[in-house]
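Here's a quick tour for anyone meeting this structure for the first time. Take a look at the model, then read on.

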Amino acid sequence: ALRENKLGIAQQHIDRAREIQPRAIRWIVTEAKIRKRAGEVDKAINLLTGLPDDELLQGETLALLAECYGMVGRPGDAAPRYIDAANADDDNAELAFDAAVWLERAGDRENAIKWARRAIELGHPRARDWVDSLS
C-alpha cells in the first residue's frame, strides 16, 4: 500500500502490525515512512529518534531521519547523527561523506571540509570534487 501511495491503507496495516509486534524495528521504520510521506514529519522524527542508537545509525533508518530533519529545516540535527555513525564505522567513506554534506547544509563549512577530507582518505569517489566545489 505504501508503494502504491495508499497511505490510509498502509497506516491501517502498520497499526495492526505494531499491535502484534510493537517493538519491531521494521514496523516503526515503515510507520515513519508513512508519516513522512503523509506530511507528518515531526511524528516520523519522534518515531525514529525513539529507536536505540545501534538501530538508528543504520543506513536506511539514518537516511530517513536525515531526510525528515531536512524537510523541517533542521539539517543541524542530522549532521551529528551522521558523525556518530561515521565514528562508529570509521572505515566507511560513505558515512564520512554524508556527515560532510549534512554539516555543510547546516552551515558548518569548516567541519564539512574536514569530514570530506576524511571521506577522500577512505576512498569516496565524489568527495574530492565536492570539496573543490566548496572552494
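This is a predicted model: local features need pLDDT of at least 70, side-chain atom pairs count only at pLDDT 80 or more; totals for chains, interfaces and linings use all residues.

Helices (H or I, at least four residues) and strands (E, at least two) are DSSP runs, numbered from the N terminus.

Which residues of H8 are buried? They are Ala112, Ile113, Trp115, Ala116 and Ala119. These residues sit on the same side of H8, because they cover an arc of only 165 degrees around the axis; the arc is that of the directions from the helix axis to the C-beta atoms. Glu110 and Glu121 are exposed, on the face of H8 turned away from its buried side. For the cut-offs, buried means under 20% relative accessible area, exposed over 50%, and partly exposed in between (1.4 Å probe, protein chains only).

## H8 from end to end

H8 takes in residues 109-121, and at 1.5 Å a residue its 13 residues should span 18 Å, which agrees with the 18 Å between its end C-alpha atoms. That expected span is 1.5 Å times one less than the number of residues. Just after H8 comes glycine 123, with a positive phi of about 95 degrees.

## Rings and a charge

There's one aromatic pair in the structure. The ring centres of phenylalanine 97 and tryptophan 130 are 5.6 Å apart and the planes stand at 80 degrees, so the pair is edge-to-face. The rule: rings of Phe, Tyr and Trp (its six-membered ring) pair if their centres lie within 6.5 Å; planes under 30 degrees apart count as stacked, over 60 as edge-to-face and the rest as tilted. Since phenylalanine 97 belongs to helix H7 and tryptophan 130 to helix H9, the pair ties together parts 33 residues apart in sequence. Phenylalanine 97 is buried, at 4% relative accessible area, and tryptophan 130 is buried too, at 17%.

Residues are numbered from 1 along each chain as its sequence is written, and side-chain values use heavy atoms, with hydrogens and water left out.

The average pLDDT (the predictor's confidence in each residue, from 0 to 100) is 92, and 100% of the residues score at least 70. Confidence is lowest in helix H1 (residues 7-20), with a mean of 84, and highest in H7, at 97.
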